[in-house]
Amino acid sequence: MVDMPDTPVTDTALPERLARAIALAGPIPVAQYMAAANAHYYATRDPLGAGGDFTTAPEISQMFGELVGLWCADLWDRAGCPEVAWVELGPGRGTLAADAARAMTKAGLTPPVHFVETSPALRAAQAERLPAATWHDAVDTLPTDRPLIVVANELFDALPIRQLVKREQWHERLVAAQDLLFLPIAGKPLPDAVIPEPFRDAPAGSILETSPAAVTIIRGLAKRIAAQGGALIAVDYGYEGPALGDTLQAVRGHAFANPFEAPGEHDLTAHVDFTTLAAAAQTEGAVAWGPVTQRDLLGALGIDSRTSALAKASPARAEALAADRRRLMDDMGTLFKALAITAPTWPTPAAFA
Ligand code: SAH
């Protein structure tokens with residue numbers, strides 16, 4: 001865990017601040033609410049692990065980061081071993097990066113590490129694992145002089161989404177406040193032209209989500225990768241959209257909560273629309289692959305032989321390793337998916353053929 005000062009240096013009264021902003025200027029879009037809530041949430045704690053709010057694949061088992069590292073090293077090797085920069089978006093505690101670095105080093109790849117991370121608390125945790133890394137607030141300051149190999153696990157689901165809600169017509173969904181109670185309401189009606197044709201006559205109550213923030217990041221990286229060379233792999237809870245459905249959810253202490261209660265105290269996430277992200281990458285001249293399920297990704301990268309090798313090296317851990325493998329492959333295996341992006345000049349990534 002990260003040592004945090006007793007009094008958070010950041011905003012201590014996010015609900016009050018949001019309520020005041022809404023009282024002054026009117027209800028705010030869901031995306032603005034989610035961005036403010038998550039910025040506060042991640043800036044003020046280390047949310048990961050059994051004692052935190054949620055657990056991620058790299059925190060379940062070292063095998064996840066190792067296999068992602070192998071994916072990177074294999075692609076780099078077949079691309080002719082160029083000088084690359086290795087990038088992780090939203091690295092959490094730095095666990096994936098440390099595990100991937102170990103696997104990449106064995107394969108002869110020891111690139112400089114760049115982290116894109118907004119949370120000071122998590123930057124501190126990452127610095128303990130990889131002190132030599134370079135940190136960035138956003139993707140636009142990443143190196144421009146070499147291919148980038150970019151990894152992101154459960155980053156895109158934390159980015160703000162816009163929600164549209166159907167009444168008689170489609171409306172932007174906004175967040176209103178009464179005292180410190182927040183509630184979603186329908187804003188001004190939207191012209192039909194902004195709604196994908198199949199959804200224009202959706203039943204009242206339907207919700208349509210988009211993530212302009214995720215699309216912006218993917219487009220920026222895809223443009224760089226197409227021009228500089230390199231690849232990206234993003235793993236997340238997601239779907240092949242666009243599709244109707246309200247996927248905004250709040251998690252605290254490994255249990256679901258109301259996303260419109262206590263902003264900044266829960267982890268807010270939304271499922272990722274991989275189809276839209278793949279299309280965004282293609283418009284920038286990159287090649288998009290997948291999505292494939294986490295189960296197929298890890299299966300193709302050799303999780304079974306890795307589990308056996310680790311169990312052989314420490315027989316006392318065999319049962320725990322088998323349980324970790326089951327969590328990654330069975331519990332999370334089909335809910336989580338991986339999308340890959342490559343430069344047109346780079347080879348086909350493993351597990352995506
Ligand atoms: N990848 C890690 C952590 C996932 S939690 C793991 O799998 O364990 C989400 C991570 O994204 C955190 O590190 C959080 O601080 C970071 N994050 C959230 N919003 C971000 C943003 N807009 N830009 C960069 N990082 C962000």
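**Aromatic pairs**

I counted six aromatic pairs, taking rings of Phe, Tyr and Trp (its six-membered ring) as paired if their centres lie within 6.5 Å, with planes under 30 degrees apart called stacked, over 60 edge-to-face and the rest tilted. I looked at Tyr33 and Phe260, which form a tilted pair with 5.6 Å centre to centre and 35 degrees between the planes. Tyr33 lies in helix H2 (residues 30–43) and Phe260 in the loop between strand S12 (255–257) and strand S13 (267–269), so the pair links parts of the chain 227 residues apart; helices (H or I, at least four residues) and strands (E, at least two) are DSSP runs, numbered from the N terminus.

I noted that this is a predicted model, in which local features need pLDDT of at least 70 and side-chain atom pairs pLDDT 80 or more, while totals for chains, interfaces and linings use all residues. Residues are numbered from 1 along each chain as its sequence is written, and side-chain values use heavy atoms, leaving out hydrogens and water.

Tyr33 counts as buried because its relative accessibility is 0%, and Phe260 is buried at 9%, where buried means under 20% relative accessible area, exposed over 50% and partly exposed in between (1.4 Å probe, protein chains only). I also found that ring pairs link Tyr33, Phe182 and Phe260 into a cluster.

**Ala85**

I then turned to Ala85 in strand S2 (residues 85–89), which counts as buried at 0% relative accessibility. Its contacts (heavy atoms within 4.5 Å) include Pro112, His114 and Leu148, not counting residues up to four places away in sequence.
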